[in-house]
Amino acid sequence: MMRRFEDARILMYSHDTFGLGHLRRCRTIAHSLVEDYRGLNILIISGATIAGAFDYRARVDFVKVPSVIKLRNGEYTSLARHIDLHETLKMRQSIIRHTAETFQPDIFIVDKEPMGLKGEVEETLTYLKSRGTTLVLGLREVMDAPHLLEAEWKHNQVISKIDQLYDTVWVYGPPDFYDPLVDLDVPETIRDKMKFVGFLQRSVSHEAASEHVPDGDYILVTTGGGGDGADLVHNVIHAYQQDPTLQHKAFIVLGPYMPAKQRAKLVKKGSKIPYIQVIEFDNRMEELIAGAKAVVAMGGYNTYCEILSFDKPALIVPRIAPREEQLIRAKRAAELGLIEMLLPEEAEDPIRLAEVLKRLPERAPPSQSGKGEGMRLEGLVHISEIVGEWLDDRENEQLPAVAE
């Protein structure tokens, strides 16, 4: 029996400056919650340029704020080149605040950036706290190398602000895989608010199928948003060029953020090899992963959850700069025997990469090769239970007192 709440509202915030990770994570959580609870409405604030390229279930919608893009050196710039960054941030901040005031959420979930991009969510957090909204910070199981995260957070006094403002910190991974705040000076009060909910399980949507699923067996090569994925795709194609005995079909998805020049070059290169098929983007990656014999990826959070959810043998070639998040995740997963990992410079050797690709489809899936830990995909179930309890409490508080 599906529970029903009278007009419960959740607002989510996803800053999205590079790639699709934050938006896809928010959307997964939102879809799972509206499936579990009738009468629940969810609004996602997103800065992703292609927020509208995904479909959203009934009772899940998004508000798009002007996009800011992150350059490779870690600096930000407005997507609309003629508007300066300061003005774009002012617009974003005002839309976020106005949305919160109008929507009046019961719960506000902020993805990864505790105070938002350049602090743009801080005043909204303060406002909602004064109104009794439950404030949640959602963190990936790996944020970044501790020294990099500490430098970033110290500068803006983020830890003391998390302590003052947030009611709960959800970690989207199991406690035995990795601690996102490892080696940081975190007060006990924050540790007490932390809940390791588990990885977020992915499933195939039953509404409409991807038009791209290839016939027969294939290895899927995906770089997520693709903004920094050209090297990996180039190395895979190079391995096929150099080793004619590599004959597994490779299905390559470039990602919507790959620069057009690189994209054209890789499409052309790939078209010369009969075993390779290249497409630009598919908004139903889950189906492509579900249908694959094996997966080659960079190891961002969402792709990693999909590899575990669909139990696929995988090779991860992580990005190692400017953030070390993918490297840390891949090392830990390789240590647990869940995936195979090559560093970017190792993947540049076409013969070495070809050897790994040839063995990959025969590799045991994570459920058989791993040491059991780090596999649990209970995040959505746990989030649903927590949210259900909060909304129950809220409804009970609002019930009129019975006259004596």
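How far is the sulfur of Cys305 from the closest cysteine sulfur, and in which residue does that sulfur lie?

1. **Cysteines.** This is a predicted model. In it, the sulfur of Cys305 lies 13 Å from the closest cysteine sulfur, which belongs to Cys26. That is too far for a bond. Taken from the other end, the sulfur of Cys26 has its closest cysteine sulfur in Cys305, again at 13 Å. A disulfide needs the two sulfur atoms within 2.5 Å. The disulfide count is zero. Both cysteines are covered: Cys26 is buried at 3% relative accessible area, and Cys305 is buried at 0%.

2. **Helix α10.** Cys305 is one of the buried residues of α10. This helix spans residues 301-309 and is mostly covered, with nine of its nine residues buried. Asp311 follows α10 and has a positive phi, near 55°.

3. **Helix α4.** Which residues of α4 are buried? In this helix, residues 146-155, they are Pro146, Leu149 and Trp153. They sit on the same side of α4, because they cover an arc of only 70° around the axis. An α-helix has 3.6 residues a turn, so residues three or four places apart point the same way. The other side of α4 carries the exposed residues His147, Lys154 and His155. The cover over the buried residues of α4 includes α5, residues 158-165.

4. **Helix α3.** Here residues 122-130 form the helix, and Thr124, Leu125, Tyr127 and Leu128 are buried. Seen down the axis, the buried residues of α3 fall within an arc of 165°, so they line one face of the helix. What do these buried residues pack against? They meet α2 and α5, together with the strands β6 (107-111) and β7 (134-140). After α3 comes Gly132, with a positive phi near 85°.

5. Glu101 belongs to helix α2, residues 85-103. Is Glu101 buried, exposed or partly exposed? Its relative accessible area is 31%, so Glu101 counts as partly exposed. Leu128 is among the buried residues of α3. The C-alpha atoms of Glu101 and Leu128 are 8.2 Å apart, although 27 residues separate the two in sequence.

6. **The cavity.** How many cavities of 30 Å³ or more does a search of the whole structure find? It finds one. The largest cavity holds about 40 Å³ of space. Its lining includes Leu149 and Trp153, both buried residues of α4. Glu152 also takes part in the lining, as do Met143, Asp144 and Arg323. Lys112, Glu113 and Pro114 complete the set. By type, the lining divides into four nonpolar residues, no polar ones and five charged ones.

7. **The loop between β6 and α3.** Lys112, one of the cavity-lining residues, lies in this loop. Phi of Lys112 is near 65°, a positive value in a residue other than glycine. Lys118 has its place in the loop between β6 and α3 too. Phi of Lys118 is also positive, near 50°. Lys118 counts as exposed, at 53% relative accessibility.

8. **A cis peptide bond.** The bond from Ala321 to Pro322 is cis, with omega near 0°. Pro322 is found in the loop between β14 (314-316) and α11.

9. **Leu338.** The loop between α11 (325-335) and β15 (340-341) holds Leu338. Leu338 is buried, with a relative accessible area of 0%. How far is Leu338 from Val186, C-alpha to C-alpha? The two are 30 Å apart in space and 152 residues apart in sequence.

Conventions: Residues numbered from 1 in each chain as written. Predicted model: local features only at pLDDT ≥ 70, side-chain atom pairs only at ≥ 80, totals over all residues. Heavy atoms only, no water. Buried < 20%, exposed > 50% of the residue type's maximum accessible area, 1.4 Å probe, protein only. Helix = DSSP H or I, 4+ residues; strand = E, 2+ residues; numbered from the N terminus. Arc of directions from axis to C-beta. Contact = heavy atoms within 4.5 Å. 1 Å grid on protein atoms, 1.4 Å probe; cavity = no way out; pocket = protein on both sides within 12 Å on 5 of 7 lines; lining within 4 Å. Points joined across faces, edges and corners; volume = space filled by probe spheres on them. Nonpolar A, V, L, I, M, F, W, Y, C, P; charged D, E, K, R; others polar.
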